[in-house]
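Me: I would like to learn how to read a protein model, feature by feature. Could you take me through this one slowly?

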Amino acid sequence: MTTPDAAPPLPGFSLGAQGAEGRIWYGEYLGRPAVAKERFSKAYRHRKLDEMLTKQRTVAEARAFHRMGDIGVRAPKVYLTDVASGLVVMERLPGVTARQAIIEAHAAGDATRVEAVARAIGDMVARVHAAGFVHGDLTTSNMIVLAPEGGGEAAGGGSGAAAAAAGEAAAAAEAPPGGSASGAPRLALIDFGLSQRAKASQLLEERGVDLYVMERAFTSTHATCPEAFDATMEAYAGSGAWSAAKGPASAQSRDGTLSHLQRVRARGRKRMAFG
Amino acid sequence: MGIEGSANKVGVGLVRYTPPSESSSSSDGDGGSGESRGRGTYETLSNPRKTYISPAGQGFLPRETAWHHQKHVPALAKLALEEAGLSLGDLDAVCFTQGPGMGAPLQSCAIAARTIAQLAGVPMVAVNHCVGHIEMGRAVTGWGDPVVLYVSGGNTQVICYMAGRYRIFGETIDIAVGNCLDRFARAVGLPNDPAPGYNIEVAARKYAAECAAAGTEPELFPLPYSVKGMDMSLGGILSQLTRDGVKAMKDPDSPVTVEQLCYALQETVFAMLIEVTERAMAHSGAKDILIVGGVGCNKHLQHMMGVMCSERGGRVFGMDSRFAIDNGAMIAQAGILAFQHGTTTPMEATTVTQRFRTDTVDAIWRQ
């Protein structure tokens, strides 16, 4: 949906999409392909609630890059933040959404590719969780399958700068050198507005809910491809991120999370009551 | 004929299908999807119902509710036929709510449906209660493809049609919104009559009006705002209110009043519902919203939703008792669509189920 009368937050930016929470603009920032995310005020909300949510989410979005960078998960580099106006300008990652990648691979009958993308998702989410964070909105639209480095096609041109940034940020964790389309997909996570560092006492609950949200997103978006979620969860459980002896990155903590997911699911069934 | 009795309302409705006349093949002016083109008309002939109101200070319990339904369903069936000027011999099928809902009331109505179907010698059609709301809503609003917000005492779901089924995009991960409102009302001593949610709405409106008159901004008692992806959590709000909220309300030194709590509850919970609905709209590309279920009667929710929707250039449908509140005709409406596509439910399969997910129904009439 487009709103023709909306003015771009920065000169030269053009409207890409109007989501539920804000507008997405595309343009260049200091010569690099950039995305500007503008969270607008919601007229239906109480002013204080609106201000609080906009601020909270803008800050969470802006912090994510550093938080994720520390744990080897690729997230967009933040160029500019203006909390008061709910604006975050960040790097534009070259690639397609995991949603698109899975749908296309599934339509093409490429089960190997579906599984590869799904496994990469599982491993990435495990890294986020093992570090004590939850994303808050784990849909496949919020994950980018990065275009292969060098020679890759950028989603919006100017791949050079962004691809270089990718190499720098993702740490050597899992990026295959000169990965090709057929190699292991490299993923990035975006849209951190609902993300948070989980309180220790709430860790299992928050992660369980995070996984439940992801499961729901898979079953509604990839209803015809149930094996994708299975592969994701298998990779999540088998991720190398759960290698600590104790604490949030331990295998024990992972098992607790997975059994908590069962409890969240059971809660879900129960709420389907009457009325 | 449709028979509904999954919660505290029991109703019997009659719906008649008239095929499009041959001379005017494009009879309905909505002209939208291929589905609606050449469609005949569905007319609700009668739709009487009764509501069981529980004693003050408690909710409706399965046994008493079932007794209520058992007592009224035969008379309602007779009345429905009488109002329509029809007899048993005119029926083509008897549709009943299979679930979700409270076991004993559902069962009572299923027995009534089986009896009537056998007396009339017609087949039965089992209907999912939520799908009943949706199809009646679509019938009344021109067969579009809206995002459905289903908010009642037992359900809080955001639903979109996709790939043959009504998919649940977002929902509560703990308690339903109506349940949250009812339990809060009970905790602060607001009456059940006419409905706890209505009394909360009135109290909140009073507070907002007082603030407007005084030219001040209404205070927002802090409550946890909890949206998780497309889902939401309401349990924390209820415990915050019944613990800190009630304490503040009773503290003579604190300015917090029950009206203020009602206001904060509505502002917070409804903002969450609308945010999730808007995300489903962005995701599905749908422009219109259909609000169904008892909480959908709340005018403030309607208003807030209208504000959001107008920003997106869409429309909100709600506040129509034909689909917002439980009734028999909506069960007949969903049932007749399935029936016209060859679905009937054999007698031995006419059991009821308390848990029956919206997305398990194969919506063959939409495929």
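Predicted model: local features only at pLDDT ≥ 70, side-chain atom pairs only at ≥ 80, totals over all residues.

Reply: Residues are numbered from 1 along each chain as its sequence is written, chains are lettered from A and ligands numbered from 1 in the order in which they are written, and side-chain values use heavy atoms, with hydrogens and water left out.

Me: Is B:Thr268 buried or exposed?

Reply: Buried means under 20% relative accessible area, exposed over 50%, and partly exposed in between, with a 1.4 Å probe and protein chains only. B:Thr268 counts as buried because its relative accessibility is 2%. B:Thr268 sits in helix H7 (residues 258-284) of chain B, where helices (H or I, at least four residues) and strands (E, at least two) are DSSP runs numbered from the N terminus.

Me: Which residues is B:Thr268 in contact with, leaving aside its neighbours within four places in sequence?

Reply: Contact means heavy atoms within 4.5 Å. By that rule B:Thr268 meets A:Leu49, B:Leu223, B:Pro224, B:Tyr225 and B:Ile237.

Me: How many residues has the largest nonpolar core?

Reply: A nonpolar core is a set of buried Ala, Val, Leu, Ile, Met, Phe, Trp, Tyr and Cys residues joined through side-chain atoms within 4.5 Å. Here the largest has 61 residues, and those with the most contacts inside it are B:Phe184, B:Leu265 and B:Leu273. H7(B) gives the most to this core, with 15 residues.

Me: How do the axes of helix H4 and helix H5 of chain B cross?

Reply: Axes are lines fitted to C-alpha atoms, for helices over the stretch in contact, and angles run from 0 to 180 degrees between N-to-C directions. Angles under 35 degrees count as roughly parallel, over 145 as roughly antiparallel, 65 to 115 as roughly perpendicular and the rest as oblique. The axes of H4 (residues 177-188) and H5 (residues 196-214) of chain B come within 8 Å and cross at roughly 75 degrees, and H4(B) and H5(B) are therefore roughly perpendicular to each other. On the H4(B) side the contact uses B:Leu181, B:Asp182, B:Phe184 and B:Ala185, and on the H5(B) side B:Pro196, B:Gly197 and B:Ile200.

Me: Why is H9(B) largely enclosed by the rest of the structure?

Reply: H9(B) is largely enclosed because 11 of its 13 residues are buried.
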